[in-house]
Amino acid sequence: MLAHGATDLDRLGELVNSPAQQRAWAIVEPLLAELRAADIVLIGTPMYNYSIPAGLKAWLDQITFPRMSLAPTRFVVASARGGAYSPGTPKAIYDYQERYLRDFFAGHFAVEDTVFVHSELVNSRQDPALAHLRDKHDASHAAALATARTLGKEY
């Protein structure tokens, strides 16, 4: 792409030549068109191993091209997390999920104001060793729902 001087998203299809490229573009083009048409992108994702699932990473890889800007598109990420990773918690330094997505959207899409809504300590619903944290999960979940409702009205 860059070797051909093609960074205009409207012209990416012009670079498709081979049958393999045509098959790949047939998958990528609708995803990219949907993303570019959106005013708000809502991503629902769990936290896996302190980061994002492979499926989300694969989607990002498919719809990201050099020097693209999606500003002023708004991004909202709603996530479920097994533990507590919010600022001030002992595991906050392991939150690569929010940091990765925030940096990705800013660096690749020029979107600086991504909003994150987290429901934390979800594992307290299943893991007997974390059952004593269920009240904190319930509070986190209620706060996430309230934030989502507020965002729904604002956006």
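1. Aromatic pairs. The whole structure, a predicted model, holds eight aromatic pairs. Rings of Phe, Tyr and Trp (its six-membered ring) pair if their centres lie within 6.5 Å; planes under 30 degrees apart count as stacked, over 60 as edge-to-face and the rest as tilted. A pair of aromatic rings is described by the distance of the centres and the angle of the planes.

2. F75 and F109. The ring centres of F75 and F109 are 5.7 Å apart and the planes lie at 25°, so this pair is stacked. It links distant parts of the chain: F75 sits in strand β2 (residues 74–80) and F109 in helix α3, 34 residues apart. Helices (H or I, at least four residues) and strands (E, at least two) are DSSP runs, numbered from the N terminus. Both F75 and F109 are buried. Buried means under 20% relative accessible area, exposed over 50%, partly exposed in between (1.4 Å probe, protein chains only).

3. F104 and F109. Here the ring centres are 5.6 Å apart and the planes stand at 85°, so the pair is edge-to-face. F104 is buried, as is F109. One aromatic cluster takes in F75, Y100, F104, F105 and F109.

4. Helix α2 against helix α3. The axes of α2 (residues 54–63) and α3 (residues 96–109) come within 12 Å and cross at roughly 5°. Axes are lines fitted to C-alpha atoms, for helices over the stretch in contact, and angles run from 0 to 180 degrees between N-to-C directions. The two helices are therefore roughly parallel to each other. Angles under 35 degrees count as roughly parallel, over 145 as roughly antiparallel, 65 to 115 as roughly perpendicular and the rest as oblique.

5. Who makes that contact? From α2 come L56, K57, L60 and I63; from α3 come Y100, L101, F104, F105 and F109. Contact means heavy atoms within 4.5 Å. By class, the contact has eight nonpolar residues, no polar ones and one charged. Ala, Val, Leu, Ile, Met, Phe, Trp, Tyr, Cys and Pro count as nonpolar, Asp, Glu, Lys and Arg as charged, and the others, Gly among them, as polar.

6. A26. This residue lies in helix α1 (residues 19–37). A26 counts as exposed because its relative accessibility is 52%.

7. Conventions. Residues are numbered from 1 along each chain as its sequence is written. Local features need pLDDT of at least 70, side-chain atom pairs count only at pLDDT 80 or more, totals for chains, interfaces and linings use all residues, and side-chain values use heavy atoms, with hydrogens and water left out.
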